[in-house]
Amino acid sequence: MAGSGVFAEVIDGDVFKYYADGEWKKSSSGKSVNIVNPTTRKTQYKVQACTQEEVNKVMEIAKAAQKSWAKTPLWKRAELLHKAAAILKEHKAPIAEALIKEIAKPAKDAVTEVVRSGDLVSYCSEEGVRILGQGAFLVSDSFPGNERTKYCLTSKIPLGVVLAIPPFNYPVNLAVSKIAPALIAGNSLVLKPPTQGAVACLHMVHCFHLAGFPKGLISCITGKGSEIGDFLTMHPGVNCISFTGGDTGIAISKKAGMIPLQMELGGKDACIVLEDADLDLVAANIIKGGFSYRYMKESLSTRELLSHSDGQRCTAVKVVLVMESVADTLVEKVKSKVAKLTVGPPEDDCDITPVVSESSANFIEGLVMDAKQKGATFCQEYKREGNLIWPLLLDHVRPDMRIAWEEPFGPVLPVIRIGSVEEGIHHCNASNFGLQAMLISDAMETGTVQINSAPARGPDHFPFQGIKDSGIGSQGITNSINMMTKVKSTVINLPTPSYTMG
């Protein structure tokens, strides 16, 4: 169970501690933040409400720890990361339990997230050794007008203190996707987990603690965003911010100043379906992409309905743009698959589980009611119990409806009928978002295009990025390592030109 066994020191009474200077601590505030179970809508856990002074202390410790860590041999950093990955996978059950109760992630998906995270950490440690273990050698006479009087050696060095802020829907996986690159590159790491998902993050951090990382190198600060959010992102001790989330990222980018930013924000991912499409393949991928909570490795040929739960992913299919001539057929195929989805609590590993909060459910309902008022066709009856919303396909959606543009982050999928490819491309490019799209590649203003499959972030070593309001920079293990380092040049000046003689 969460907070027991090897994780017993993470909790005090009924409140989970925060992590700083290699120790689990209680906040001097004496206050806590409630984490509400999306299924029961009752308080499930409590975490410390840290103060700004505690943030200051963490930053001071992180800066000092980073100086020593940067001198740690690269092979040693990789060794510790491999150890943390093994511990993380060994203790997947209590971490998965927290994911089930904090964010209503289906049981199997929760375990998959933890195992996938361990794999990410291991891969990152190996990739880091390859990337950081080599540099470049330049000679001056390769540029016109120069003799060979200078040798330039380039290498990658750490930035300093990295602030990592993951989202609620993948709090463990998207935390380690920031932590592992930061650490292998020689940085220290301050983690601010989402409230929903904080306990899973704290358990994950304890796995790094058990692996034996130096004190102060990793910190995990919990608390109210209104009290420590801006204070963290604007803190002068932060040298890099890696954030995954929504509109908050845009606000952070405006306040952060001249430090590297890695922002993976929202999306209105479109599936464009043309007249020559394999409609059975399309329908299966719409179900996978529109209602999925996790990335799966199985192919469509081995398992038609891969995994589902609410569409609470930044890369979920959020609008289907289908040619009018095949729309009726496609909608019927998708409807038949929606009818097979199971709905219920995450403990039962249902396909559709409650969305993360009442406010999220209310927002989704607002989009649905707007579409209803404006004449959208409901392919299923709209049904909601608390935070649980039954999957809903909306046909004949028009551009004047909110659901055509806004990201529901829930199990509601709009279908817009189009008369031409150009009409579909125009709709995609008119959106403020540009995270992922399908089929029409070069013409679409998106960071990634998936052909013949649903949008996905992964495998984790693939580049992953958005354009416009969908983000800054690129993720993926290699890109994250490079982003969390900077190039340093050492130039050797020779007294006379030097040429290698044959």
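Tutor: Gladly! The largest pocket has a volume of about 1,200 Å³, where volume means the space filled by probe spheres set on grid points joined across faces, edges and corners. This is a predicted model, in which local features need pLDDT of at least 70 and side-chain atom pairs count only at pLDDT 80 or more, while totals for chains, interfaces and linings use all residues. Residues are numbered from 1 along each chain as its sequence is written, and side-chain values use heavy atoms, leaving out hydrogens and water.

Student: What makes a pocket a pocket, and which residues line the largest pocket nearest its centre?

Tutor: On a 1 Å grid over the protein atoms alone, a pocket is an open set of points where a 1.4 Å probe fits, with protein on both sides within 12 Å along at least five of seven lines; lining residues have an atom within 4 Å of a point. Here 40 residues line the largest pocket, and Phe168, Phe243, Gly245, Gly246 and Thr248 lie nearest its centre. Helix α7 gives the largest share of that lining, five residues; helices are DSSP runs of H or I with at least four residues, and strands are E runs with at least two, numbered from the N terminus.

Student: Why is Glu264 called buried?

Tutor: Buried means under 20% relative accessible area, with a 1.4 Å probe and protein chains only. Glu264 has 2%, so Glu264 is buried. Glu264 sits in strand β13 (residues 261-264), and an unreviewed UniProt entry annotates Glu264 as "active site"; such annotations may be inferred rather than shown by experiment.

Student: What makes a set of residues a nonpolar core, and how many residues has the largest one?

Tutor: A nonpolar core is a set of buried Ala, Val, Leu, Ile, Met, Phe, Trp, Tyr and Cys residues joined through side-chain atoms within 4.5 Å. The largest has 71 residues, and Phe213 is one of those with the most contacts inside it. Helix α6 (residues 198-211) gives the most to this core, with 10 residues.

Terms used
Buried means under 20% relative accessible area, exposed over 50%, partly exposed in between (1.4 Å probe, protein chains only).
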